[in-house]
Each structure stands twice: as structure tokens, then as C-alpha cells.
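Hi,

Here is the structure I promised to pass on.

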Amino acid sequence: MKNATFSFTAALCAALALAFTACNNDDPAPAAPPLQAVTFRNLAADPIVSSGTGQPPAATGRFTLFSFGTGQIVPNADSASTQWDIGFRATRIIFNGGGSGPGQAAV
């Protein structure tokens with residue numbers, strides 16, 4: 001019985017030693033690509049249109065829709081699509097997701 005206990009203990013010690021030495025952390029972690037910041041300036045929050053009658057320009061009441069993927073303003077005709085990510089109108093901001101659009105944008 002003493003011999004069986006010794007054999008079991010020796011086997012357990014060998015298994016633990018193998019488990020702790022088998023895992024090697026020498027593999028370097030894959031490098032993440034460097035981040036690049038892009039700034040967009042003077043994006044109209046409510047395009048102003050002239051009536052052409054000499055009256056002061058008026059706001060359209062429409063959102064300026066923007067796509068981060070393309071870096072472009074998206075026409076309002078595409079407001080029911082997933083082609084835009086964020087919309088601006090005066091001081092209101094919407095995101096293409098949930099109640100504002102069919103996209104998956106979330107804040």
C-alpha cells in the first residue's frame with residue numbers, strides 16, 4: 001500500500017511539473033495595427049437653403065447624415081438605409097440604430 005501511495009504521489013508530482021512547464025509564454029502577442037485619428041471639420045448640422053426670393057435663408061429641418069465608413073455626407077434620400085452612422089440637426093444628434101434608423105449603431 002505504501003508503494004502504491006508513493007507511485008501515485010510521484011505520478012501526481014510529475015504531472016504537475018509537466019503541466020507547469022508545458023505552457024510557454026514566449027510567443028509574442030500579435031501587434032495591433034496603429035490607430036489613426038481622422039478629424040472632420042465644419043460639418044453642417046442643418047443645411048441652410050436660400051429661397052431665392054431675397055428672404056433670409058432658412059434651415060431645412062433635415063438631418064445631415066454622415067457615414068464614418070466612407071467619410072462622406074449621405075443624402076437624406078438614404079435616411080431609411082444603413083449607409084449612414086450619425087445624423088446632426090441643430091443641437092440634436094441621432095445614430096443609425098434603434099428608433100432612429102435600421103442600422104446597428106449604438107452609443
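A word on terms before the sheet: two strands count as paired if DSSP finds at least two bridges between them. Helices (H or I, at least four residues) and strands (E, at least two) are DSSP runs, numbered from the N terminus.

Keep in mind that this is a predicted model, where local features need pLDDT of at least 70 and side-chain atom pairs count only at pLDDT 80 or more, while totals for chains, interfaces and linings use all residues. Residues are numbered from 1 along each chain as its sequence is written, and side-chain values use heavy atoms, with hydrogens and water left out.

Four strands make an open sheet in the order 4-3-5-6, with antiparallel pairing. The edges are strand 4 (72-74) and strand 6 (92-95), each with a single partner strand, so one side of each has no neighbour in the sheet. On average, neighbouring strands are turned by 30 degrees against each other, direction ignored.

Leu65 stands opposite Val74 in strand 4 and has Gly87 as its bridge partner in strand 5. For Phe66, the bridge partner in strand 4 is Ile73. The hairpin of strands 3 and 4 has four residues between the strands, and Gly71 there takes a positive phi near 70 degrees.

Both faces of strand 3 are covered: Thr64 and Phe66 on one side, Leu65 and Ser67 on the other, are all buried (under 20% relative accessible area; exposed is over 50%, partly exposed in between, with a 1.4 Å probe and protein chains only).

Then the aromatics. How many aromatic pairs does a search of the whole structure find? Two, where rings of Phe, Tyr and Trp (its six-membered ring) pair if their centres lie within 6.5 Å, and planes under 30 degrees apart are stacked, over 60 edge-to-face and the rest tilted. Phe40 and Phe66 have ring centres 4.8 Å apart and planes at 70 degrees, so this pair is edge-to-face.

As for accessibility, Phe66 is buried at 3%, Phe40 is partly exposed at 42% and Phe68 is exposed at 54%.

Cheers

Technical notes
Axes fitted to C-alpha atoms, helices over the stretch in contact; angles between N-to-C directions.
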